[in-house]
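Hi everyone, thanks for coming. Let's have a look at a fold together, and please keep the picture in view while I talk.

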Amino acid sequence: MKFYTFIGLLLLISCKGGNQEIVSFENLEEDTPFITVDYEGLEAYLETSEAEVHVVNFWATWCKPCVKELPHFEELRAVYDTEDVKVILVSLDFPEQIERLTHFIEKWNIQSEVVFLDDGDANTWIPKVDVNWSGAIPATIIYNDEKRSFHEQSFTYDTLEKELKLFL
């Protein structure tokens, strides 16, 4: 029951008051263009040091502000790929939306690594991501071996690049 209450609350506060966009897609029976993890599996993405700088964005296909900013993360990935910057897009879509997520990634030709977080215990993992995170999306973590910043906001390309440059 706590989970459903949390999901209802998340839907009310997520996207920072932005409009939600529902996109319908047909079924797919292909391999998914993402990996599925629980929070324990996600922790590696939040702490790894395989690249100099990591940009981890939490988003969902039903979140209009999230979808609006995704091209900025894709552009950042393309521009800074040679500078050892890794962009990871963590989908918070619901498990029954897997086909929709697959279609979205393919339709928009998402090249960044996409991770689907399939862990219903959000009350436990949200404060582990950042103690100040309300659970609203979009949300982004930028980190390297020396520092970390958390942003519960939407980005333009310029503001995202400005934040990234603080880590380069």
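Let me start with two helices: α3 and α6 are oblique to each other. Oblique here is what remains once angles under 35 degrees are called roughly parallel, over 145 roughly antiparallel and 65 to 115 roughly perpendicular. The angle between α3 and α6 is about 45°, and their axes lie 9 Å apart. Axes are lines fitted to C-alpha atoms, for helices over the stretch in contact, and angles run from 0 to 180 degrees between N-to-C directions. The crossing of α3 and α6 is right-handed, meaning that the near helix is turned clockwise from the far one by less than a right angle.

A word on where this comes from. We are looking at a predicted model, in which local features need pLDDT of at least 70 and side-chain atom pairs count only at pLDDT 80 or more, while totals for chains, interfaces and linings use all residues. Residues are numbered from 1 along each chain as its sequence is written, and side-chain values use heavy atoms, with hydrogens and water left out. Helices (H or I, at least four residues) and strands (E, at least two) are DSSP runs, numbered from the N terminus.

So which residues of α3 meet α6? On the α3 side they are His72, Phe73, Glu75, Leu76, Val79 and Tyr80, and on the α6 side Tyr157, Leu160, Glu161, Leu164 and Lys165. Contact means heavy atoms within 4.5 Å.

Now the sheet. It is an open one of 6 strands, in the order β1-β4-β3-β2-β5-β6, with mixed pairing. Strands β1 (35–37) and β6 (148–151) stand at the edges with a single partner strand each, so one side of each has no neighbour in the sheet. From one strand to the next, the twist averages 20°. Two strands pair if DSSP finds at least two bridges between them.

Let's walk through some pairs. β2 and β5 are antiparallel, with 5 bridges, and Val55 has Ile142 in β5 as its bridge partner. Helix α3 packs on this sheet, where it touches β2, β3 and β5, and its direction makes about 165° with that of β2. β2 and β3 run parallel and are joined by 7 bridges; here His54 is partnered by Lys86 in β3. β3 and β4 are also parallel, over 4 bridges, and Ser91 stands opposite Phe116 in β4. The chain gets from β3 to β4 through α4, in a right-handed β-α-β crossover. Right-handed means that, with the strands pointing away from the viewer, the path from the first strand over the helix to the second runs clockwise. β2, α3 and β3 make a right-handed β-α-β unit as well.

How many of the 7 residues of β3 are buried? The number is 6, so β3 is largely enclosed by the rest of the structure. Buried means under 20% relative accessible area, exposed over 50%, and partly exposed in between, using a 1.4 Å probe and protein chains only.

Helix α4 (residues 98–107) has buried residues too: Arg100, Leu101, Thr102, His103, Phe104 and Ile105. They pack against β2, α3, β3 and β4.

Last, some backbone details in the loops. Between α3 and β3 sits Asp84, which has a positive phi of about 60° although it is not a glycine. Asp84 is partly exposed, at 36% relative accessible area. Asn109, in the loop between α4 and β4, has a positive phi near 50°. And there is a cis peptide bond between Ile137 and Pro138, with omega about 5°; Pro138 lies in the loop between α5 (122–129) and β5 (139–143).
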